[in-house]
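Biologist: I'd like to learn how to read a model like this one, feature by feature. Could you walk me through it?

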Amino acid sequence: GLGKVPGSLLNRFALSEYAGHLRVATTESAFAAGRDESLNHLWVLDAEGTDLPTVASVQDFAPGERIQGARFVGERGFVVTFRQIDPLFAFDLSDPQAPRIASELKIPGFSSYLAPLGDDYLLTVGRDGTDEGLTGAVAVQLFDVRDLEDVRQVASLAPTVGEAGYSYSSAEYDPHAFGYFADDDAFATPGTLSIPLIRYGATDAARFAGFLVLRVDPGAERPLLEAGRIDHDAFLDPGGSCESLADDAGCRFAYESSDPRRSLFAQDAERIVLYTVSALGLRANDALQPGTALGSLALP
């Protein structure tokens, strides 16, 4: 089939086929729209035949902003746009002929990867922000989406980066870098999240390359709690001080070259093991107590 709608797609999560319809979230550039500001749209196409006609749409929301993240879950859709403040739009798509924005939540920063935890929550990775702008830190956020008319932020966690610091995670744009393991197969929460984390700073102590491990429990006093970090730059620089490198640029290169990539959870009768993989090696840690190392293997 072939269908056309104005605008461009952020990634594959901006497309969703469900019950004979294709839902598409697009950003139309100001130039293409013939206006002074970009436009965002959500389209519903009939996907039953070889033609894919548009049957309904929600057009021109968040003018001047661009889509930074999108996810469709059954009869619901979630779209994040950003310019200065992050609006999280919740769409009711239960009637394909009449899609609508059910609610809009505005918070600083933005989410770029949105992962549904069952039907009740969204767990996201993106950029931390304030009313003045982005802080330079990666942020993990948990949203309660049980009531589409009243989507709420349950918690936000952004590892500190210090003065002139910066952090990022490949999980912001690569879903394979997002590792989540629920405590019980029957329930999406509570669970454990592992994502790659690289942090730069003015001092050796501020630098880190490895994995951030969080406990996710909406019912806890702290719904997002840092359980620990798993260091991978130590494979390259056991002292953690970059003493063998000539300058700060060389130190930054060393941290980047560690390239933390993937997490894997494996459960046996005794414990849940978290395996983390980087370009430098493989580590095995207790998933619930990441500070407990079970083994490591350096790659040549």
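Biologist: Which strand holds Leu297?

Modeller: Leu297 sits in strand E21, which covers residues 293-298. Keep in mind as we go that this is a predicted model. Leu297 is also part of a nonpolar patch on the surface, together with Leu264, Tyr275, Val277 and Leu282. The five residues have about 400 Å² of accessible area together.

Biologist: And where does Asp286 lie?

Modeller: Asp286 belongs to strand E20, residues 281-286.

Biologist: Is Asp286 buried or exposed?

Modeller: The general idea is to compare the relative accessible area with a cut-off: under 20% means buried. Asp286 has 13%, so Asp286 counts as buried.

Biologist: What lies around Asp286?

Modeller: Leaving out residues up to four places away in sequence, Asp286 touches Arg271, Ile272, Thr292 and Leu294. A polar atom of the Asp286 side chain also lies 3.0 Å from the backbone nitrogen of Leu288.

Biologist: Let's step back to the whole protein. How many helices and strands are there?

Modeller: There are two helices and 21 strands. Of the 300 residues, 50% count as buried. The accessible surface comes to about 14,000 Å², and 49% of that belongs to carbon and sulfur atoms. For contacts with a separation of 6 or more, 44% join residues 24 or more positions apart.

Biologist: Which residues is Leu193 in contact with?

Modeller: Setting aside neighbours within four places in sequence, Leu193 is in contact with Leu123, Val140, Phe178, Gly179, Tyr180, Leu212, Val213, Leu214 and Val216.

Biologist: Now to charges. How do I read a salt bridge?

Modeller: Side chains of opposite charge can pair when their charged atoms come close. In this structure there are 11 salt bridges. Take Lys106 and Glu104, whose side chains meet at 3.8 Å, N to O. Lys106 is exposed, with a relative accessible area of 57%, while Glu104 is partly exposed at 42%.

Biologist: How far apart are the closest N and O atoms of Arg146 and Asp144?

Modeller: They are 2.5 Å apart, in a salt bridge between Arg146 and Asp144.

Biologist: What about the salt bridge between Asp174 and Arg262, and which parts of the chain does the pair link?

Modeller: The two side chains meet at 3.2 Å, N to O. The pair links distant parts of the chain, 88 residues apart: Asp174 is in the loop between strand E13 (166-168) and strand E14 (179-182), and Arg262 is in strand E18, residues 262-267. Asp174 counts as buried at 18% relative accessibility, and Arg262 as partly exposed at 34%.

Biologist: Which residues are linked in a network of salt bridges?

Modeller: Asp92, Arg100 and Glu149 are linked in this way.

Biologist: Let's finish with two single residues. Where is Ser258, and what does it touch?

Modeller: Ser258 is in helix H2, residues 248-258. Ser258 is buried, with a relative accessible area of 0%. Not counting residues up to four places away in sequence, Ser258 touches Ala209, Asp233, Ser278, Ala279 and Leu280. The C-alpha atoms of Ser258 and Leu280 are 5.6 Å apart, although the two residues are separated by 22 residues along the chain.

Biologist: And is Lys4 buried or exposed?

Modeller: Lys4 counts as exposed, at 72% relative accessibility. Lys4 lies in the segment before strand E1 (15-18).

Conventions. Residues numbered from 1 in each chain as written. Predicted model: local features only at pLDDT ≥ 70, side-chain atom pairs only at ≥ 80, totals over all residues. Heavy atoms only, no water. Patch = residues over 30% accessible without salt bridge, like charges linked within 9 Å, V, L, I, M, F, W, Y side chains within 5 Å. Areas by Shrake-Rupley, 256 points an atom, 1.4 Å probe, with all protein chains shown as cover. Salt bridge = Lys/Arg side-chain N within 4 Å of Asp/Glu carboxyl O. Helix = DSSP H or I, 4+ residues; strand = E, 2+ residues; numbered from the N terminus. Buried < 20%, exposed > 50% of the residue type's maximum accessible area, 1.4 Å probe, protein only. Polar contact = N/O pair within 3.5 Å; in protein donor to acceptor, adjacent residues only side chain to side chain. Contact = heavy atoms within 4.5 Å.
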